[in-house]
Amino acid sequence: MAHRLLRSLVLSSVVLLEGAGCTLSHRSSPPPDPDTGPGGDGGPPPPEDGGAPGRDGGWLDDAGRVRDAAAVRDAWLDAEGPTDAGGLGFDAGDVRLCEDGWPPTKGFWCVMQDDAVLCCRSVFLADGGMVDEACCLGTVEGS
Amino acid sequence: MTDVPRASARTLERVRRDGRWGGRVTQRALPSSDAEVADLDPEVRARLADIWRAQAATEARVATSFAVIHESLLLLEGDPGLVALAARAIDDERRHAALCEEAAGRYGGGVCLPHAELAPQQPAHARARSAEIRRALFVVGQCALNETFASAYLDAAYRGARSPLARAVLRELLADEVDHARLGWAYLHTLDEELRRELSEWLVPLTVCNLREWRRIDLPEDDVLAAHGVPPREVALRALEEAVRELLVPGFRHVGLDTRALERWVGVRHAGCSGAGESGTPSA
């Protein structure tokens, strides 16, 4: 059964394109063939700045820390997916599984309560600091 | 009275006057909420105020995500319609922050204090084979995945909400998040075969990493709060899992990506595609 949002999100998304209804092409591809649509066999793009491998088979995260295979395994388990990846194009040891994701737009992290003090989870602030409680104290002026 | 804005002045000032609704925070005026809020237990009101204010902070952070998306689309020479929508989305998220503060202020019974300023966060995609692919991954990850999850979450929240105020707020948020997700799906329609092949290899990591962020959301199991737009964690997680199976997988397949690895990961059986026989694993 199709999800109730499938049409709104996916199927009708082409109306956003300026050339809606026309065949469009990404800039790296040759001009679209009006008969066959976009395509081209330009081959894989050359690596420009592909990756930042770390030592011992790990890789460097944004902070320059090396993440190792154990961390990768943890990330995989954290995702609650199968640990036996099989031979279908993904690997439980794939270091890409440990990356940070885009932060959710909905973050109800401010719900811990301790002696009437609402506390945030470890949240990094724009100034580099980290708060445990300040962001949730005093929601309205004068409170 | 609820005519006076309950969002903080600082947050309201960030809403562009030439934005989607001409400087207004919402498309439609929010319903009067004095009576329904007055009937609530003060502790519940305080908790709702804190929750909505916390959401204001995360909404505002996503404005910085969309600044990255806008720049990426410009560098990718993306469709002008999508570039324009990405620019609008930056302001949309600032409006969302103001809207969530408005809800917080109404529940709290005063003008909301400015939300916390959260540090921007984004994936590095250090293993991308080129800067171009990395930018494409940004667009797909933030829009087709993250905003699709957001839409599924809001849809679930809306279905459980009974409060007219909460339903109005959620409806406004959902209307924009749907557009933001569509941006990613529309972008995928414009890609050539080579880039689709590249992105297909990233579907599992993109999904795993984004879903992990969503699973960190802390939600109370409270029917009263659910009526005011805060879904129980179980409900939210179910909506997210459903989104993977019923939106991401068919969506990526629809735009021509190879979803077999993703399907294997989510344990979805699919038929009718090339090589599907081996990919159809029993449901988890």
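Helices, at least four residues long, and strands, at least two, are runs assigned by DSSP and numbered from the N terminus. By that rule, chain B of this predicted model has 12 helices and zero strands, and its pattern along the sequence reads α-α-α-α-α-α-α-α-α-α-α-α.

**Overall form of chain B**

The C-alpha trace of chain B spans about 60 × 40 × 30 Å along its principal axes. A compact globule of 284 residues would have a radius of gyration near 19 Å, and the 20 Å of chain B agrees with this. Of the 284 residues in the chain, 66% count as buried. Where contacts in chain B join residues at least 6 apart in sequence, 75% of them link residues at least 24 apart.

**The nonpolar core**

The largest nonpolar core holds 101 residues, of which B:Trp52, B:Trp185, B:Tyr187, B:Leu188 and B:Phe252 touch the most other members. Helix 5 of chain B, which covers residues 131–160, gives the most to this core, with 15 residues. When residues up to four places away in sequence are not counted, B:Trp52 touches a set of residues that includes B:Cys100, B:Tyr107, B:Leu173 and B:His228.

**Cysteines without a bond**

The structure holds zero disulfides over all chains, and two of its cysteines show how distance bears on this, since a disulfide needs two cysteine sulfur atoms within 2.5 Å.

| Cysteine | Closest cysteine sulfur | Sulfur distance |
|---|---|---|
| A:Cys98 | B:Cys209 | 7.4 Å |
| B:Cys143 | B:Cys209 | 17 Å |

In chain A, A:Asp94 is found in the loop between helix 2 (69–78) and strand 3 (112–114). Although A:Asp94 is in a loop, its relative accessibility of 13% means that A:Asp94 counts as buried. The side chain of A:Asp94 makes a polar contact with the side chain of A:Arg96, at 2.6 Å.

**Confidence in the prediction**

The predictor gives the complex an ipTM of 0.85 and a pTM of 0.77. Chain B has a mean pLDDT of 90, with 93% of its residues at 70 or more. Over residues 268–284 of chain B, however, pLDDT stays under 50, and for this stretch the model has 27 contacts beyond four places in sequence. Where pLDDT is low, the predicted coordinates should not be read in detail.

Methods
Residues numbered from 1 in each chain as written. Chains lettered and ligands numbered in written order. Predicted model: local features only at pLDDT ≥ 70, side-chain atom pairs only at ≥ 80, totals over all residues. Heavy atoms only, no water. Buried < 20%, exposed > 50% of the residue type's maximum accessible area, 1.4 Å probe, protein only. Polar contact = N/O pair within 3.5 Å; in protein donor to acceptor, adjacent residues only side chain to side chain. Core = buried A, V, L, I, M, F, W, Y, C linked by side-chain atoms within 4.5 Å. Contact = heavy atoms within 4.5 Å. pLDDT = per-residue confidence, 0-100. Rg over C-alpha atoms; globule rule 2.2 N^0.38 Å.
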